[in-house]
Amino acid sequence: MSIEHLDVLIVGAGLSGIGAGHHLQANCPERTYAILEARDCIGGTWDLFRYPGIRSDSDMYTLGYVFRPWTEAKAIADGPSILSYVRQTASDDGIDRKIRFHHRVVRAEWSTADSRWTVEVERGDTQETVLLTCGFLLMCSGYYRYDEGYTPDFEGTERFAGRIVHPQHWSDDVDYEGRRVVVIGSGATAVTLVPALAQRAAHVTMLQRSPSYIVSLPAEDPIAIALRRALPAKLAYSIVRWKNVLLTMLSFQLSRRRPALIKRLVRRGVQRRLPPGYDVDAHFTPSYGPWDQRLCLVPDGDLFEAISAGRASVVTDRIETFTERGLRLASGAELEADLIVTATGLNLLAFGGMQIAVDGRDIELSETMSYKGMMLSGVPNLAMAFGYTNASWTLKCDLTCAYVCRLLNHMSERGYRECVPVNGDASISTQPFIDFSSSYVLRSIDQFPRQGSRPPWRLYQNYALDILTLRFGAVEDGAMRFSTGISAPAEIEPLAA
Ligand SMILES: Cc1cc2nc3c(=O)[nH]c(=O)nc-3n(C[C@H](O)[C@H](O)[C@H](O)COP(=O)(O)OP(=O)(O)OC[C@H]3O[C@@H](n4cnc5c(N)ncnc54)[C@H](O)[C@@H]3O)c2cc1C
């Protein structure tokens, strides 16, 4: 039986996978490629999440693709608009014709002798196992489990008479009209859900163990709207994109250098939007520094408005147990509820749970070091689209995909069939891939690749620096080894922790 071969296989048809398809078509038009998608539709995150109010928590001028202007009025956009933007990109460019749905990639093995990956796919529609081969594997599989959100082991859940739902599994039959709702959590999902549910619920309580940093931004960007009226769409988009990139970088750098100042400014912003006498310190002043965890954005202060109107409230306490009627808290207080929403986070998952192997040896991702935040030490011809944690995801994914195209073109020109990042410097130490203190990161980060202490192994989470490295830096930088396909496999050095 002959196995189908493609030059490039992209795993995942979310925001990143569709972007990757565009870059390949534009910059490597002669390469054959396909996108393998486990689900039956395009969109990933933006199709999966269906809870009320679902929206971006960064602006669409930077979450949108570099090559396709975001033209909607709202900068902080709702989930369905983002989904339609991704789907429209796929159909306008004919990328949708390259997608194979119901194709879950479970394993990929690199053969140095053949200079190709053999990819094992489970078909969800026919239950068959299919093999494909490719010269380059581009992972756009996101960073979390699709089948199950994270819920801590709460005591007494079986006693609760109402309904418990995780936002990742929200469906149309979750009834909250006129109900007393408790949302457990304080992250981006909780602060999105609370004002949205408060529009129709009897009351919504956000129950948090500890506060997060919450910043209000205008849902519509007046500068963007004015520029769009005066300038061609692409130029206006590019100016607003850079404005937002620079503002985000500035706020991140200031948070790192002057945390006390930013803490004060954020606190003042919150205080101004809440009624006099509101206990801002108890409910909106985190114990950690700004940007030690992801900052939450709320459009037009909608969360604070719901609290000020008495439709929502915040309780900062610990759950002792679920009861028949709601929750009993460590302070002894009881919260009655008809519906409890566990906005307690995601289960992180690297490479969509896929196993990779090189020449018969299974690779533990934690044994690898990320190269320029997009390839892995000792793993040939594979890149991953993994976005920023302190800025919009797509900024990095666009750079990664454009770099992969440069790499592929460079290899064609020189007759190379294999490229592999190799660390030959024993003095480089390693650290976790993401340096957030959030519990969802700490829970799973040991399953992810590590980063090194110096370039090209260090992740700076800095768009301007990445432009220099990925768009203008030399492809042949000493760390990336190229071969025509007849060399011995690269040895993978175990990493020092
Ligand atoms: C609720 C929510 C809001 C967010 N808001 C923002 C925001 O405002 N700004 C921001 O920068 N980031 C945000 N993020 C992060 C967000 O996930 C990314 O911005 C972006 O959507 C990720 O796109 P992606 O294509 O890389 O991954 P995903 O959207 O996760 O798509 C991955 C795709 O790969 C498929 N896949 C996975 N494993 C396999 C496999 N083994 N085989 C085949 N297919 C597979 C999945 O089915 C999915 O379709 C948000 C995340 C969530 C959950």
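The model is predicted, so residues are numbered from 1 along each chain as its sequence is written, local features need pLDDT of at least 70, side-chain atom pairs count only at pLDDT 80 or more, and totals for chains, interfaces and linings use all residues. Side-chain values use heavy atoms, with hydrogens and water left out.

**Stop 1: the ligand**

Helices (H or I, at least four residues) and strands (E, at least two) are DSSP runs, numbered from the N terminus.

**Stop 2: polar atoms at the ligand**

Show pairs of N or O atoms within 3.5 Å; within protein, one must be able to donate a hydrogen and the other to accept it, and residues adjacent in sequence count only if both atoms are side-chain atoms.

- Tyrosine 146: a side-chain N or O atom is 2.7 Å from an oxygen atom of the ligand.
- Valine 105: a backbone N or O atom lies 2.9 Å from a nitrogen atom of the ligand.
- Glycine 352: a polar backbone atom is 3.4 Å from a nitrogen atom of the ligand.

On its own the ligand has 980 Å² of accessible area (Shrake-Rupley method, 1.4 Å probe; for residues, only the protein chains shown count as cover). The protein covers 95% of that area.

**Stop 3: serine 255**

Move to helix α7 (residues 233-257) and pick serine 255. Is serine 255 buried or exposed? Serine 255 counts as buried because its relative accessibility is 4%, where buried means under 20%, exposed over 50% and partly exposed in between (1.4 Å probe, protein chains only). A polar atom of its side chain lies 2.7 Å from the backbone oxygen of serine 251.

**Stop 4: the sheet**

Select β13, β14 and β15, which form an open antiparallel sheet in that order. β13 (319-322) and β15 (334-336) stand at the edges with a single partner strand each, so one side of each has no neighbour in the sheet. Two strands pair if DSSP finds at least two bridges between them. Three bridges join β14 (residues 326-329) to β15. Arginine 328 stands opposite glutamate 334 in β15.
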